[in-house]
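Here is a short report for a reader new to this structure. Please look over the sequence and the model, then read on.

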Amino acid sequence: MTSPAEAGRFGWLRPDALAIAAGALLAAVAPLERFDYVARGLTASSLADAAPSAQVLLVTASPEALRDGLCARALPGLLERGGARGALLIPPADAFCAGGAVDGAAGAAAPASAAPGAAAPASTAPASAAPSPAAPSAAAPPVVRMPPGLLRLSAGEVVGFSSPSGEERAAELAALGVSEAPWVLKKEPQSVPAVSLSALAEGQIPASALAGRVAVVGVGSGGVPPQAVATSALPPAKGVAAVLGGLLDGGRRASAPAWVPALFVLAAGGVVWLARRRHGSLVATAALFLATFALAAGQSALAARAEASLLPLPSTLFGLAVAFAGVMILRGIGVQRAVDRAAELIQRAALFRMQGVHTLPDEEFWPRVARLAEQAHPADLVLVAELPPGSWHLKFWNDRHGGDSLVAERRHDVRRPPYSSEQGVPAIRLARRFLTKQDMPAVVVPLIAFGEIEGYVFFCGPVAEATYSREPERAENVGRELALLLRRKRLARTAQAGGVEARAGHAPTDDLVEGARVALDDLQLFGSMLRSAPVGLLYADAFGDVRFVAPEFAKWLRARDVTVPAESASSALPPGSLTLGDVLGATSAGSAAVSLSSVMASDDGIELSVSAPEPAVLSVRPLRRESDGSSWIAGYVAALIPVKQPAPVSGNVRPIAARDATDPLCAFQLGDVVAEAVASAARATGRAVRLEPIRGATHALGHRGELAQVLEAFLTDVAGRGLPGHGPVVSVREAAHGVQLSILDVGFGLGLPESALQRVLTAPGAAPAGLEPLGRLILAVEDSHGHAELKTNDGWGITLTVTLLKAHPRVGVAAHEGGKPAAQQNVIAIGRASPK
């Protein structure tokens with residue numbers, strides 16, 4: 001069992017809380033790496049800057065110009081004259097401009113001087129565009145070929161640069177501003193200035209356009225107007241120019257820390273959980289959409305301002321979906337399971353219905369009331385009648401011949417005799433001519449609860465008359481309990497009818513909840529009985545019908561020739577298959593039956609001793625419920641408690657023989673018991689055992705069987721150990737303070753120390769060796785509420801004196817309820833009186 005402290009400590013371990021935690025963990029781990037990469041690229045592309053770039057110039061070279069060697073001849077000089085930061089050659093333009101990408105200025109001048117016909121195109125250039133021969137080669141802007149693996153692509157577009165640290169020209173790339181940037185907020189393609197190489201070489205565009213810029217040289221279409229030069233560039237040149245322009249303007253972006261999406265999923269999951277708990281599924285779904293919108297808007301706002309701000313959107317949405325599923329779907333599954341379980345619980349609890357008497361139809365309710373009355377009060381015939389509300393005429397229910405054909409009194413007016421006295425007061429009375437059988441009397445019992453008549457029960461026949469004459473309180477007890485049962489049924493139905501009118505538009509689930517509440521109330525009562533009952537238990541409902549019987553109890557009933565029906569799939573017996581009256585009848589041998597009215601009249605129930613097949617105690621108790629100041633019987637519980645020998649507490653403890661549980665405390669003639677014991681001892685030892693004449697009636701009170709057994713064993717031991725010709729002398733007499741048994745032995749105990757005798761008297765269960773029979777005799781005497789004394793007589797042996805209580809038995813013949821004579825009553829019960 002989980003303690004309350006542990007339950008509070010681990011209370012958050014619920015499916016919805018675990019789902020939110022799992023969603024946050026997924027968002028932090030980002031398992032959808034490929035999709036997250038694409039999402040980051042799309043995010044960076046969607047935030048492209050439209051401001052003109054002052055860091056990058058896109059230079060396009062037509063295929064014709066590349067084939068003529070214009071790029072290799074003119075590009076280095078143009079970069080130097082224009083004061084450019086350098087040039088980045090984009091494939092396939094790098095294959096035609098490779099001569100300028102050797103080693104800076106030296107590499108740029110070599111192809112210009114070596115190429116044939118280079119002076120002709122150079123002469124067409126303005127004088128200001130010629131390279132200065134005095135300029136040192138080290139000051140020439142770098143011309144770098146872009147490595148093939150430098151670009152990071154997403155959805156076919158350039159989104160950033162990989163690390164150039166492993167490249168041979170890493171220093172030149174760093175000088176151009178190319179560094180590791182997984183994602184870049186690039187420039188819009190229209191915002192990057194673009195010119196053609198031919199226009200620069202021919203002087204149509206001044207070389208100063210390259211001042212401070214990085215020239216991204218790529219292949220473009222020739223013969224296009226200047227405004228279309230940017231769009232004429234072939235990929236990836238224009239993408240590289242846009243990304244490099246954004247990077248040089250501070251557009252470098254990276255992934256956000258893992259705790260950012262995890263924290264977002266935790267917060268969003270908590271909002272969805274709170275909305276689901278307080279406002280339902282619709283509001284929770286709206287909260288999910290709001291969280292998704294907040295995620296998209298927050299991503300845009302973060303990416304526009306912070307460098308490490310790109311979230312793994314697909315993984316974050318996946319984690320949010322997991323959290324939402326835990327809050328919504330798992331909770332819905334749990335609710336559906338609870339509903340299905342409640343429906344099953346109600347269906348199973350219908351077999352154990354203990355309190356829902358108002359749910360029974362009248363055609364079933366009133367016959368069960370009649371069966372309950374038959375068990376509680378002996379009668380040849382039992383009739384029950386209902387007094388409908390606002391009426392003065394009874395309605396009979398269980399007349400086997402239909403209608404009220406057995407009733408001679410046709411008016412059924414409760415204001416007239418025999419239903420009331422001559423003064424109009426309803427009271428229990430004996431009617432002689434109530435039935436069509438004129439010779440059959442009927443005990444008329446009004447069922448009154450809180451001053452209102454609920455109905456009548458009629459116990460008919462001579463047996464009912466005899467029982468009423470002998471025990472008039474039995475009919476009163478039965479009538480009171482039946483009236484409370486009828487009262488509860490009527491009030492429950494009235495409340496149910498009012499509730500239906502008040503809840504005219506209630507949902508179907510309300511019935512399920514109400515049924516579950518009633519079933520839970522029933523099962524709580526049933527569970528309390530199960531927890532408090534011994535192994536062999538039995539439960540009967542308010543009508544006295546046995547609904548549950550444990551295997552041990554069923555085995556005991558079958559041994560008593562009581563038919564026990566097979567249990568159903570729910571371990572319940574159908575109503576009427578076995579009654580509590582049948583169980584009580586099985587406890588008697590012959591005519592001494594115990595009635596259900598004894599159980600009704602006692603709040604503590606009754607306890608009966610049974611001997612076969614094994615000694616046990618049968619305890620039957622009513623289960624009472626209280627409400628509105630009244631108390632009624634909601635059911636009955638019976639427990640079969642076996643009587644077993646106590647187990648020894650240790651291996652070195654010698655058990656003492658216990659008295660037989662079936663040996664009652666009774667009145668008997670001690671003289672007869674002693675005479676039989678003396679005769680048995682003499683036959684067993686072959687020695688003389690002298691019995692003095694018995695003086696008085698010697699009626700004693702005790703356990704006859706136990707005393708006879710231990711007395712015979714003691715006399716046999718004494719006679720066998722005595723000197724030849726000197727057997728024990730036994731005398732029995734009736735004294736003023738009790739019945740005395742004296743045993744004088746002139747040979748037993750010669751030379752026995754007095755301390756040994758004192759030990760036997762103090763601890764008879766642990767007598768010294770050889771004195772065990774004496775110890776058992778002393779124990780038996782004490783069990784019978786008597787006492788024993790040992791006296792030593794110098795030279796005359798030892799005298800044992802036993803004193804038992806004097807009994808005054810009653811001798812008479814009692815009539816049984818069925819008219820048969822009972823056995824002679826010579827047993828006086830000690831303690832609780834026997835139930836009637």
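## Aromatic pairs

In this predicted model, the aromatic pairs come to eleven, counting rings whose centres lie within 6.5 Å. One of them is W366 with W397. Their ring centres are 6.2 Å apart and their planes meet at 5 degrees, so this pair is stacked. The two residues come from distant parts of the chain, 31 residues apart. W366 sits in helix α16, residues 362–376. W397 sits in the loop between β12 (395–396) and β13 (429–431). Both W366 and W397 are buried.

Y419 and F434 form another aromatic pair, and this one is edge-to-face. Their centres are 5.9 Å apart, with 90 degrees between the planes.

Which residues form one aromatic cluster? They are F396, Y419, F434, Y456 and F458. Y419 and F434, the edge-to-face pair, are thus among the cluster members.

Charged side chains also meet rings here. R152 lies over the face of W183, at 5.2 Å from the ring centre. K489 lies over the face of F365, at 5.0 Å from the ring centre.

## Cysteines

How many disulfides does the count give? The count is one. C71 is joined to C97, with an S to S distance of 1.5 Å. The torsion about the S-S bond of C71 and C97 is about 120 degrees, so the disulfide is right-handed. C71 belongs to helix α5, residues 70–82, while C97 is in the loop between α6 (93–96) and α7 (105–114). The pair therefore ties together parts that are 26 residues apart in sequence. C71 and C97 are both buried.

Now take two further cysteines. Are C460 and C666 buried or exposed? The cut-off for buried is under 20% relative accessible area. C460 has 0% relative accessibility, so C460 counts as buried. C666 has 12%, so C666 counts as buried too.

## The chain as a whole

The protein chain has 26 helices and 27 strands. It holds 836 residues, and 43% of them count as buried. The chain exposes about 41500 Å², and carbon and sulfur atoms supply 58% of that area.

Consider contacts between residues at least 6 apart in sequence. Of these, 69% join residues at least 24 apart.

## Confidence

The mean pLDDT of the protein chain is 78. A pLDDT of 70 or more is reached by 76% of the residues. Over residues 100–137 the pLDDT is below 50. Beyond near neighbours in sequence, that stretch has 30 contacts in the model. The pLDDT is also below 50 over residues 812–836. This second stretch has 40 contacts beyond near neighbours in sequence.

Where pLDDT is low, the predicted coordinates should not be read in detail.

Terms used
Residues numbered from 1 in each chain as written. Predicted model: local features only at pLDDT ≥ 70, side-chain atom pairs only at ≥ 80, totals over all residues. Heavy atoms only, no water. Phe/Tyr/Trp six-rings, centres within 6.5 Å; stacked < 30°, edge-to-face > 60°. Helix = DSSP H or I, 4+ residues; strand = E, 2+ residues; numbered from the N terminus. Buried < 20%, exposed > 50% of the residue type's maximum accessible area, 1.4 Å probe, protein only. Lys NZ or Arg CZ within 6 Å of the ring centre and 35° of its normal. pLDDT = per-residue confidence, 0-100. Contact = heavy atoms within 4.5 Å. Disulfide = S-S within 2.5 Å. Areas by Shrake-Rupley, 256 points an atom, 1.4 Å probe, with all protein chains shown as cover.
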